[in-house]
Amino acid sequence: MKFFIDTANIAQIKEANDLGILDGVTTNPSLMAKEGIKGHDAIMKHYKDICEIVDGPVSAEVFGTTFDEIIMEGKVLAAIHENIVVKVPMIKEGVKAIKWFTDNGIRTNCTLVFSAGQAILAAKAGAAFVSPFIGRIDDSSWDGVQLIEQIVGIYNAQGYMTEVLAASIRNPLHIVRCAEAGADICTCPLVSILGLLKHPLTDIGLEQFLNDAKKMQ
Ligand code: G3P
């Protein structure tokens, strides 16, 4: 399973990249706004900066909701850097736009996916990635990871090439369960990635080893 980081924060992207396990980045308008990015030029520069840090797909989301708006914005985003993937919402106009981008050699990430039916449509349109939001599903007392299992099963049965990108990750257990469910990618906040490191027995064991190591010096 590949690891993407779900943030527009440059320091966090660098920290995850320095770990050596980062395969890509996802952003969305909320994450960009959180970093205080405002205006066309600042947005373009920010995506370019991210692409220069991470050697992998970087999802940049369109703001438009009509076919023409999505196509116009997506073309501009895709021109920033070869690693840019145009993130398109799962709406009727979005599906049409994903098909257009696919036919024109531009990779897309279909976002705001909450059902297997939506994931089938995204794959049929040729999305490179589909983003089921598992944390938000859990928030509504459904099991988000079950949706990942279902989509992975359908894509395998049908031979769809779209990669399942588990999004809206809230904790390290989500990452582990997505790996079990066969997700191709997990996009996570830095805190969830770092949470995978934690185990009290590791800390206790290391302390003991370091104490014993002193006895040998
Ligand atoms: O980038 C989309 C997704 O990961 C959002 O996560 O935590 O806002 O539900 P969250």
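So, the ligand first: around it we have D6, N28, K87, F133, R136, A167, S168 and R170, where "around" means a heavy atom within 4 Å of the molecule. This is a predicted model, where local features need pLDDT of at least 70, side-chain atom pairs count only at pLDDT 80 or more, and totals for chains, interfaces and linings use all residues. Residues are numbered from 1 along each chain as its sequence is written, and side-chain values use heavy atoms, with hydrogens and water left out.

By class, that shell has four charged, two polar and two nonpolar residues.

Now the polar contacts, meaning pairs of N or O atoms within 3.5 Å. A ligand oxygen is 2.4 Å from a side-chain N or O of D6. For R136 the side-chain distance to a ligand oxygen is 2.6 Å, and for S168 it's 2.7 Å. On its own the ligand has 310 Å² of accessible area (Shrake-Rupley, 1.4 Å probe), and the protein covers 83% of that 310 Å².

C178 is in no disulfide either, and its nearest cysteine sulfur, on C186, is 4.0 Å away.

Are C51 and C178 buried or exposed? C51 counts as buried because its relative accessibility is 5%, with buried meaning under 20% relative accessible area (1.4 Å probe, protein chains only). C178 is at 0%, so it counts as buried too.

How values were computed: A polar contact is a pair of N or O atoms within 3.5 Å; within protein, one must be able to donate a hydrogen and the other to accept it, and residues adjacent in sequence count only if both atoms are side-chain atoms. Ala, Val, Leu, Ile, Met, Phe, Trp, Tyr, Cys and Pro count as nonpolar, Asp, Glu, Lys and Arg as charged, and the others, Gly among them, as polar. Buried means under 20% relative accessible area, exposed over 50%, partly exposed in between (1.4 Å probe, protein chains only). A disulfide is a pair of cysteine sulfur atoms within 2.5 Å.
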